[in-house]
Amino acid sequence: MSKIHNAFTVLMGISTPIVGAPMALASGGALAAQTSAAGAFGFVGAGYLTSSRIREELSLARAQLLLSDTDPLPIGVGYLAWQLEKDPSSAAGLLNVSLSNRVQAIWLAFGNNIGRWIDHIRSYDASSGREERTLIFVQVSSVKEALIAIQDWKVDVLVAQGFSPTSLSLRRSTASHVGAFYLAVLPKDGPPLLAAGGLSTGGHVASLLALGVSGVVLGTRFLMTKEMRTMAFDRVRGTMDWPEGVNGRAIYNNTVKDVDDGVELEIVRENFNRATHDRNPDRMLVWAGTGVDLVTEIQTAQDVVRELHADMMKHLSSVLTLIAT
């Protein structure tokens with residue numbers, strides 16, 4: 001496979017500037033591992049998982065990548081910072097599971113005190129004698145947040161999120177608009193900038209690279225769903241503590257229908273929990289962003305990465321034909 005060479009791919013040691021988003025309840029160890037195995041970079045979505053469940057997902061990733069317990073793990077883990085802030089006493093344990101597994105990166109998003117968790121990660125790396133530091137991705141929704149992340153937190157990768165939440169967003173803008181805007185106002189010597197939100201094709205990836213971003217984050221492209229906005233899943237799961245203005249899109253299924261029809265919440269919750277355990281899409285939560293209508297078949301993660309990369313390279317090559325010498 002031909003490679004893209006820029007600040008982000010060099011930093012990560014990958015062939016293509018594509019990142020699989022850390023989607024709660026969707027991005028597990030298998031998906032993250034297979035995304036990375038294809039030359040992109042995959043994340044596990046820690047979401048609402050316990051330490052033991054995170055450890056299980058990382059063990060699964062190791063097994064799929066044929067790595068020993070002592071090998072560095074070339075995937076990342078994404079955390080909801082507001083979840084960490086709800087119980088700081090257990091937050092260190094959640095982070096340490098990933099850090100002790102020597103994951104390559106940690107993604108932090110949606111919190112009021114993200115700097116605290118960055119300090120924890122840096123301190124852990126220093127005390128453990130880790131040869132290569134854990135790379136820190138921070139998702140931002142404003143220029144103010146981005147400047148803090150760059151200047152105060154010294155993050156390794158910045159993720160600018162448009163509005164198409166498989167992973168979620170505060171702003172209603174496309175990834176191309178967000179990417180161009182951030183590039184215009186952020187320091188030129190800042191960390192690699194990734195764009196996210198509503199991306200599904202290699203053409204999308206190519207257009208953003210042409211704008212000057214270093215890479216893209218895709219969520220829905222790795223799923224196959226119909227979409228619908230609702231608070232039903234948060235009510236059923238008891239996850240109503242999201243910061244104001246953050247919302248998401250997911251499949252409309254029987255869980256949402258029951259909430260809309262006024263079925264008693266405890267009954268809906270019991271059915272939802274059973275479906276989640278059984279992986280039954282008729283009632284479990286499956287996120288789906290605005291790019292879902294461009295996904296026409298179910299593929300393996302590796303096939304998705306290869307298809308995106310090939311499509312991206314085709315569009316980038318066609319741009320070159322427009323230049324007259």
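1. Let's start with the surface. The chain exposes about 14600 Å², and 53% of that comes from carbon and sulfur atoms. Keep in mind that this is a predicted model.

2. Now the overall build. The chain has 325 residues, and 52% of them count as buried. You can pick out 13 helices and 10 strands. If you take the contacts between residues at least 6 apart in sequence, 69% of them join residues at least 24 apart.

3. On to charged pairs. Side chains of opposite charge can pair when their charged atoms come close. The structure holds 8 salt bridges, and a few are worth a look.

4. Find helix 3, residues 51-65, where Arg 53 and Glu 56 sit 3 residues apart, about one turn of the helix. Their side chains meet in a salt bridge at 3.6 Å, N to O. Glu 57 joins in too, as Arg 53, Glu 56 and Glu 57 are linked in a network of salt bridges. Arg 53 is partly exposed at 37% relative accessible area, and Glu 56 is partly exposed at 48%.

5. Next, Arg 133 forms a salt bridge with Asp 156, with the closest N and O atoms 2.3 Å apart. This pair links distant parts of the chain, 23 residues apart: Arg 133 is in the loop between helix 6 and strand 5, and Asp 156 in the loop between helix 7 and strand 6. Asp 156 is buried at 6% relative accessible area, whereas Arg 133 is partly exposed at 46%.

6. Last stop, helix 13 (residues 301-320): Lys 314 and Asp 311 are about one helical turn apart there, and their side chains meet in a salt bridge at 3.6 Å, N to O. Lys 314 is exposed at 55%, while Asp 311 is partly exposed at 21%.

Terms used:
Residues numbered from 1 in each chain as written. Predicted model: local features only at pLDDT ≥ 70, side-chain atom pairs only at ≥ 80, totals over all residues. Heavy atoms only, no water. Helix = DSSP H or I, 4+ residues; strand = E, 2+ residues; numbered from the N terminus. Buried < 20%, exposed > 50% of the residue type's maximum accessible area, 1.4 Å probe, protein only. Contact = heavy atoms within 4.5 Å. Areas by Shrake-Rupley, 256 points an atom, 1.4 Å probe, with all protein chains shown as cover. Salt bridge = Lys/Arg side-chain N within 4 Å of Asp/Glu carboxyl O.
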